[in-house]
Amino acid sequence: MIDPRHGLTRRALFALLGAVAWPLAQADAPRGKTDELLASWAEAGRYHAGRLSVGAEGAQVRSRIELPTRAHGLALEADGSVLVAARRPGDWLLRWRPEGGEPQWHWVNDDRRLNGHVLPSSDGRSVWTTETDQADARGLIGLRDARTLEKTGEWATHGMDPHEMLVLPEALGPRSRFPAGTLLVANGGIPTQSETGRSHRDLSRMDPSLVALDPASGALLGQWRLHDARLSVRHLAWDPVSRRVGIALQAEHDDEAARRDAPLLATWDGSGLTASPPMAGALGYGGDVCARAGGGFWLSATRANALLGLAPDGAIAERVTLPSAGALAAQAGHAWAGGAAAVWSDGQQQAWPAALQIDNHWVSPPRG
């Protein structure tokens with residue numbers, strides 16, 4: 001792994017990473033129908049982001065770029081470029097062009113850390129990043145110039161540990177209180193300190209919430225909390241059938257039994273935030289969430305080695321065995337889930353190269 005703290009200046013690191021960014025045809029073009037996914041992964045002790053194909057002949061890497069540290073969230077831009085954010089507490093942001101071209105790296109100031117997710121604004125003028133102020137653990141949305149990725153401003157998230165963001169595709173709430181374009185932010189609520197990195201401490205102070213922000217001004221439009229403050233609000237997905245937002249939860253209870261059977265999904269309909277029924281044996285960790293065909297959600301119960309098909313209210317309708325279930329993506333009624341050495345797609349599983357360890361999230365580009 002390339003480590004920028006071991007003697008390389010940032011300028012030198014940019015040059016080095018640019019040199020190893022390549023559109024790489026790893027195998028002959030697959031025959032028949034294939035699906036494409038944009039993902040990040042670890043392989044042979046190094047970190048990568050890249051384009052994968054999944055078809056009858058299995059999963060193959062089509063192009064890749066090496067990363068300085070582990071990545072987390074990815075987002076697709078209108079021109080086909082991919083935004084990649086470092087895993088929290090992260091210090092780099094990348095714009096990568098899978099078809100070739102110079103990668104664009106940006107390093108954040110030392111008084112801020114990225115929280116793993118990035119999102120282009122609806123109008124294409126900005127790029128949003130979830131961040132933490134190193135001085136006081138305040139949650140922030142970083143406003144970045146869409147062309148340069150340079151910081152142009154900040155909005156408060158009114159909580160700690162902001163994680164994934166979602167732009168509402170249509171108006172929700174009484175009298176359409178929250179219009180299409182409203183920015184939703186999951187405040188994980190876990191206190192963080194610069195000197196402890198990812199360690200979870202002072203959990204008695206947890207304060208997770210979902211907030212709605214005005215996408216033009218960052219003004220707070222609404223904030224919602226669950227009754228159980230030990231359920232960290234992490235990842236977001238829109239279900240167009242039930243017209244609800246699904247929120248993947250991660251349990252931080254001191255009691256092992258409470259963690260084991262904790263609900264891993266909450267839903268928001270524009271009026272309130274509601275946790276699903278308890279999920280026996282789900283082991284307290286919702287890794288990712290996406291829409292499920294016909295309504296409801298797919299949720300990866302990573303520690304339980306399971307992919308859960310959930311009704312719109314969060315009740316378990318289907319359970320699929322998938323070791324280390326993690327990354328999820330959905331598009332036009334289709335869904336993909338990544339696990340250890342396997343990829344699941346619309347009810348079918350295929351072998352995955354064992355050396356390629358897929359990270360928490362991936363993205364499905366629009367189908368042609």
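**Sheets, hairpins and selected residues in a predicted model**

Reader: Four strands, β20 among them, form an open sheet with antiparallel pairing; in what order do they stand?
Author: This is a predicted model, in which local features need pLDDT of at least 70 and side-chain atom pairs count only at pLDDT 80 or more, while totals for chains, interfaces and linings use all residues. Residues are numbered from 1 along each chain as its sequence is written, and side-chain values use heavy atoms, with hydrogens and water left out. Strands (E, at least two residues) and helices (H or I, at least four) are DSSP runs numbered from the N terminus, and two strands pair if DSSP finds at least two bridges between them. With antiparallel pairing, the order in this open sheet is β20-β21-β22-β23.

Reader: Which residue in the turn of the hairpin formed by β20 and β21 has a positive phi?
Author: β20 and β21 pair in the antiparallel sense over four bridges, and Ala291 has Phe297 in β21 as a bridge partner. The hairpin leaves five residues between the two strands, and the turn residue with a positive phi, of about 90 degrees, is Gly294.

Reader: Which residue in the turn between β21 and β22 has a positive phi?
Author: Strand β21 (residues 297-301) runs antiparallel to strand β22 (residues 306-310), and five bridges join them. Within β22, Gly309 is the bridge partner of Trp298, and Leu307 is that of Ser300. Four residues lie between the two strands of this hairpin, and the turn residue with a positive phi, of about 55 degrees, is Asn305.

Reader: How far from the centre of the Trp298 ring does the charged end of Arg292 sit?
Author: A charge sits over a ring if NZ of Lys or CZ of Arg is within 6 Å of the ring centre and within 35 degrees of the ring normal. The charged end of Arg292 sits over the ring of Trp298, at a distance from its centre of 5.2 Å.

Reader: Is Trp238 buried or exposed?
Author: Trp238 belongs to strand β16, and its C-alpha atom is separated by 7.2 Å from that of Cys290, 52 residues away along the chain. Contact means heavy atoms within 4.5 Å; leaving aside neighbours within four places in sequence, Trp238 is in contact with several residues, including Leu166, Pro169, Arg243, Ala291 and Phe297. Because its relative accessibility is 15%, Trp238 counts as buried.

Reader: What is the relative accessible area of Ala229?
Author: Ala229 has its place in the loop between β15 (220-224) and β16 (231-239). Its C-alpha lies 6.0 Å from that of Asp207, 22 residues apart in sequence, and beyond its neighbours within four places Ala229 is in contact with Met206 and Pro208. Ala229 is partly exposed, with a relative accessible area of 36%.

Reader: How many aromatic pairs does a search of the whole structure find?
Author: Rings of Phe, Tyr and Trp (its six-membered ring) pair if their centres lie within 6.5 Å, with planes under 30 degrees apart counted as stacked, over 60 as edge-to-face and the rest as tilted. Phe178, Trp224 and Trp268 form one aromatic cluster. Across the whole structure, the number of aromatic pairs found is seven.

Reader: Over which residues does pLDDT stay under 50?
Author: pLDDT is the predictor's confidence in each residue, from 0 to 100, and the protein chain averages 88, with 88% of the residues scoring at least 70. Where pLDDT is low, the predicted coordinates should not be read in detail. The model has 62 contacts beyond four places in sequence for the stretch where pLDDT stays under 50, which is residues 1-32.

Methods: Buried means under 20% relative accessible area, exposed over 50%, partly exposed in between (1.4 Å probe, protein chains only).
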